[in-house]
Amino acid sequence: MTAEETLSRLADEISVCTKCALHESRKKSVPGDGPADAEIMFIGEGPGFHENEQGHPFVGASGKFLDQLLAQAEVTRADVFIANVVKCRPPGNRDPQPDELEACDQYLEAQIEAINPSIIVTLGRISMGKFFSGVKISAVHGQMQKVGERFVIPMFHPAAALHQSALKPTILADFAKLPELLQAARTALGRPAVVKERKKVVEAPVNKPKQLSLF
Ligand code: URA
Ligand code: SF4
């Protein structure tokens, strides 16, 4: 099975999953979006109101800010895979509970295995907790660490920076370091860059100014 097929099969399973109580109130599950060969995978917390309506990650206010942050990192959504630690919305956007995180982790693990990203960026303390325990996000944000076969960078959640404006310059600076960290991760892992075929920009025809006649 190709990575694309694995991801779409997982999305099908997630859409009918009843492994935890979050399925009871979900409208749409949010498996995650992005290419199967993404070099960077972002892991957020869980769907909010708009994500539950639309079935896609980070489509609300945090998503708008995430787009700005991705621009800082010189990537677009088409380059990266964006997922969450739980695929169904916790009621009232409460924190996902330990049993819900545990039940949903098999999907996230299977996604990570299929995508095999060089870098995982965790957004917020809950997804940081999947990889690091006993650390404070304020102490370790932006610092890349090797975890198994890849690198993990904990970052603040975009929503946290929207609510606490003092965090905004920090999260912007952390995202701005991503291109350099990605290069370092590729080198350390001995992996080449994933080169996407870019559509050629067709230049608009330039209207040549008419030769001025001298007389
Ligand atoms: N916040 C998250 O953590 N994930 C989303 O998908 C949207 C908002
Ligand atoms: Fe299943 Fe995850 Fe949704 Fe719980 S949150 S019902 S484990 S897909």
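1. Ligand 2 sits in the largest cavity. On a 1 Å grid over the protein atoms alone, a cavity is a set of points where a 1.4 Å probe fits but cannot get out; sitting there takes more than half of the molecule's atoms within 2 Å of its grid points. Please keep in mind that this is a predicted model, where local features need pLDDT of at least 70, side-chain atom pairs count only at pLDDT 80 or more, and totals for chains, interfaces and linings use all residues. Residues are numbered from 1 along each chain as written, chains are lettered from A and ligands numbered from 1 in the order written, and side-chain values use heavy atoms, without hydrogens or water.

2. Around ligand 2 (a heavy atom within 4 Å) you will find Ile14, Cys17, Lys19, Cys20, Leu22, His23, Arg26, Lys87, Cys88, Ala103, Cys104 and Tyr107. Eight of these are nonpolar, one is polar and three are charged, with Cys and Tyr counted as nonpolar. Helix α4 (residues 98-115) gives the largest share, three residues; helices are DSSP runs (H or I) of at least four residues.

3. Which residues surround ligand 1? They are Gly44, Glu45, Gly46, Glu51, Pro57, Phe58, Asn84 and His157.

4. Oxygen atoms of ligand 1 make polar contacts (N or O pairs within 3.5 Å): a polar side-chain atom of His157 lies 2.8 Å away, and a backbone N or O atom of Phe58 lies 3.0 Å away. The protein covers 92% of the 240 Å² of accessible area that ligand 1 has on its own (Shrake-Rupley method, 1.4 Å probe).

Note on methods: A polar contact is a pair of N or O atoms within 3.5 Å; within protein, one must be able to donate a hydrogen and the other to accept it, and residues adjacent in sequence count only if both atoms are side-chain atoms. On a 1 Å grid over the protein atoms alone, a cavity is a set of points where a 1.4 Å probe fits but cannot get out, and a pocket is an open set with protein on both sides within 12 Å along at least five of seven lines; lining residues have an atom within 4 Å of a point. Helices (H or I, at least four residues) and strands (E, at least two) are DSSP runs, numbered from the N terminus.
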